[in-house]
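Keep the sequence at hand.

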Amino acid sequence: MQGLSQWLMLVCGLSTVAVRRRSLAVGLATCQALALAGIAIYEANTIDESVAAGALVVRAIALAGLLTVLVSRTRETIPVRASVPPSIRSGLAVGLALILIWLIPVANHSNFDTLQVSFGLIAFGMVIIATRRATLFQILGIIFIENAIALAALGHSSYSSLVIELGVTLDLALIAMVASVFHDRIFAEFGTGDVAMLSDLRD
Amino acid sequence: MTYVTNYLTLTSLVVLLPVFLAGAIWVIPASHTRTVVIAGAVVSVVGASWLALKIFESRGVHRTGEWIVFDPLAGILVLIVGALGITSILFSDTYLRGLTSGVVSQPFRTRLFYSVLLVFWAMLYAVPLAGNLGAAWLLIEGTTATSALLVGFSGKPRALEAGWKYLILTSAGMGVALLGIALLGTSSRIGGLGGLSWSTLSRSSGSHPDMLVAFVLVVVGLASKVGWAPVHNWLPDAHSEAPSPISGLLSGALLPCVLAVTWRTTKAMSPVVGTSPGHEILIGFGILSLAMAVPFLWQPLAWKRLLAYSSLEHMGIIALGIGFGGPLAIAGVIVHLFGHAIAKSLGFYASQSLLTHDPRSAKHPPGGVGRSSPKLGATLGISLATLSGFPPLPLFVSEVLILAGGFENGYLVASILSALLIAFGFIGLLQALLSTLLEDHHGSQKFHYVKTSPIFGLAILATVFLLIISWVGLYLPSSSFVHRLVSGMG
């Protein structure tokens, strides 16, 4: 169950790196967040862990709602094209994931697989932030990084997951809300959510 | 125990009062907003000063469970955050009166601004008092959310661009730090936040490579929020485009607070990863930040942008001081924290008057202000002279102490390189100072009248404090206060 969910998270992440439509990307991000919550529910043995898993479910649903509203409020007349083609983006994402896994010595760690998946998701998030021009995709990049960390925190028993999950959930809710305000204002100001328009500040 | 109870009462007053005020201003009449905010802020600052004095008076480090720590570093930063918070609030009125647009419409604009500012201020107070890495991380992320809103508050395109970059880049960086924290958590013998407290981090049971990787991830992640090069891209934009009162708070208080968390992490993890990695990473960030900032200090930049690059330089110098270690360099760090906070916030607050006096200075370097408005020119001059490290002002004292500490502790190459870069930075800022005061860039440009009494009054007060800090700085290296900072930290 855990392995399958982790694979699902990776597939959703890599697909988001490649897809063009924002609504599809929001669907994939929601699917990833739900898969994360699924792992938390499956592994919950104590009340604390159940509360943490519940918080992840609420977070996944709230994010899906927020992002869907954002997409519908800010319809692009012309799709914002990424500066890098999908195949190269995907290649970059996989390459960075492999480099991170190779660089960070966790081979002796009891949760080797989970940490590898986390590093992969972080790499996907970073590539999305670096290569996608649509503000909404950059928000998704941040969400992927946060999902990766929540997954890493879930992957071991010695550490109370409640603290990190509730903390991450609260933090993500705040950041996502502020990012949504910015996305909305940027769209109102420039008529598009394209970060290429944000290039006035240069020295 | 009585000590801790007193500390807790004061901490609750200092941290929770701004949060309470942030909510209260939505239910009181709008005409009373400013009065209530200022009255509450005064109470909070008195509490903060009292708390800091109690911390300085006491010997040793006091903790309340794993959540709060009271040590000299916390005392220093609580004092700085308090002073800068109230001055930011006092200068916010001028900013809000001149604001023609915003992320929300006018009936709510003033209240929203003060609410977010007060919550940001409360979080800033809490960051240096956080007793463990996990809580500190959450609070720092909280400051990102609130301060990003303030950076983009005007809703103007440049402010939105700066706010967006700040939000995305620092959130990504803090994500990397959280990964490091999660890895540290896996090696903790104690569950929950207790495993991440400053006192228990040193007893982590992971292998050396694992701990080192986790440590590097945490420090690199935090570096993105401190604004150290090469992860500083957001800093010049956010600090230059934020409302002036917020720029002062971001530069003088937020950056040092995050830097303090990095310092605490380095100190707490040194028994596990060794002292060298932490020191070397900080020295590396310090030199790189200086090298990145200096070329921009030589360029003719708009006033706020120049101050923003100067923040990069000064965070680099503080990193060097912490990296060099020892009583001399640490004394230099303390003097630098105070001197930088006063001079930088003064410069940013003065930028409001400068923009009214010479609107072109929003995008162009100011010129001839010493002639067109002597009081404003004097204020800008005091700020920039201090930031350049002009003797006998405190940043001169601190830079000498930090470099002396570097030589004393055997960091010969790093010290020489840093000395050269600091000297180049000094020349660059001196050029900017002369140009700002004496040169006439704008030819027949007409200047607007601006009331300079408030900012000039603050400049006189700041000068008195700066001279006191310089004088105290000379005696600091041999003081027990510095020895307490060098030997023990919460």
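Ile460(B), Leu461(B), Val464(B), Phe465(B), Ile468(B), Trp471(B), Val472(B), Leu474(B) and Tyr475(B) make a nonpolar patch of about 920 Å². Patches take residues with over 30% relative accessible area and no salt bridge; like charges are joined within 9 Å, nonpolar side chains (Val, Leu, Ile, Met, Phe, Trp, Tyr) within 5 Å. Accessible areas come from the Shrake-Rupley method with a 1.4 Å probe, and for residues only the protein chains shown count as cover. Helices (H or I, at least four residues) and strands (E, at least two) are DSSP runs, numbered from the N terminus. Ile468(B) has 42% relative accessibility, so it counts as partly exposed. The classes are buried under 20% relative accessible area, exposed over 50%, and partly exposed in between (1.4 Å probe, protein chains only).

A word on the ground rules. Residues are numbered from 1 along each chain as its sequence is written, and chains are lettered from A and ligands numbered from 1 in the order in which they are written. The model is predicted, local features need pLDDT of at least 70, side-chain atom pairs count only at pLDDT 80 or more, and totals for chains, interfaces and linings use all residues, while side-chain values use heavy atoms, with hydrogens and water left out.

The largest pocket has a volume of about 1,200 Å³. Of its 43 lining residues, Tyr95(B), Ser244(B), Ser351(B), Gln352(B) and Leu355(B) are the closest to the centre. Elements of chain B that give two or more residues to this lining include α3 (72–97), α12 (326–357) and α17. A pocket here is an open set of points on a 1 Å grid over the protein atoms alone, where a 1.4 Å probe fits, with protein on both sides within 12 Å along at least five of seven lines; lining residues have an atom within 4 Å of a point. Grid points are joined across faces, edges and corners, and the volume is the space filled by probe spheres set on them. By class, the lining holds 19 nonpolar, 11 polar and 13 charged residues. Ala, Val, Leu, Ile, Met, Phe, Trp, Tyr, Cys and Pro count as nonpolar, Asp, Glu, Lys and Arg as charged, and the others, Gly among them, as polar.

Next, the charged contacts. How many salt bridges does the whole structure have over all chains? There are nine, each a side-chain nitrogen of Lys or Arg within 4 Å of a carboxyl oxygen of Asp or Glu. In chain A, Asp194(A) bridges to Arg133(A) at 2.6 Å, N to O. Asp194(A) lies after α7 (161–190) and Arg133(A) between α5 (112–131) and α6 (135–154), so the pair ties together parts 61 residues apart in sequence. Asp194(A) is buried at 8%; Arg133(A) is partly exposed at 28%.

In chain B, Asp71(B) meets Arg264(B) at 2.5 Å, N to O. This pair links the loop between β2 (68–70) and α3 with helix α9 (residues 244–273), 193 residues apart. Asp71(B) is buried at 0% relative accessibility, and Arg264(B) is buried at 3%.

Finish with the backbone. Ala229(B) and Pro230(B) are joined by a cis peptide bond, with omega about 5°. Pro230(B) lies in the loop between α7 (208–226) and α8 of chain B.
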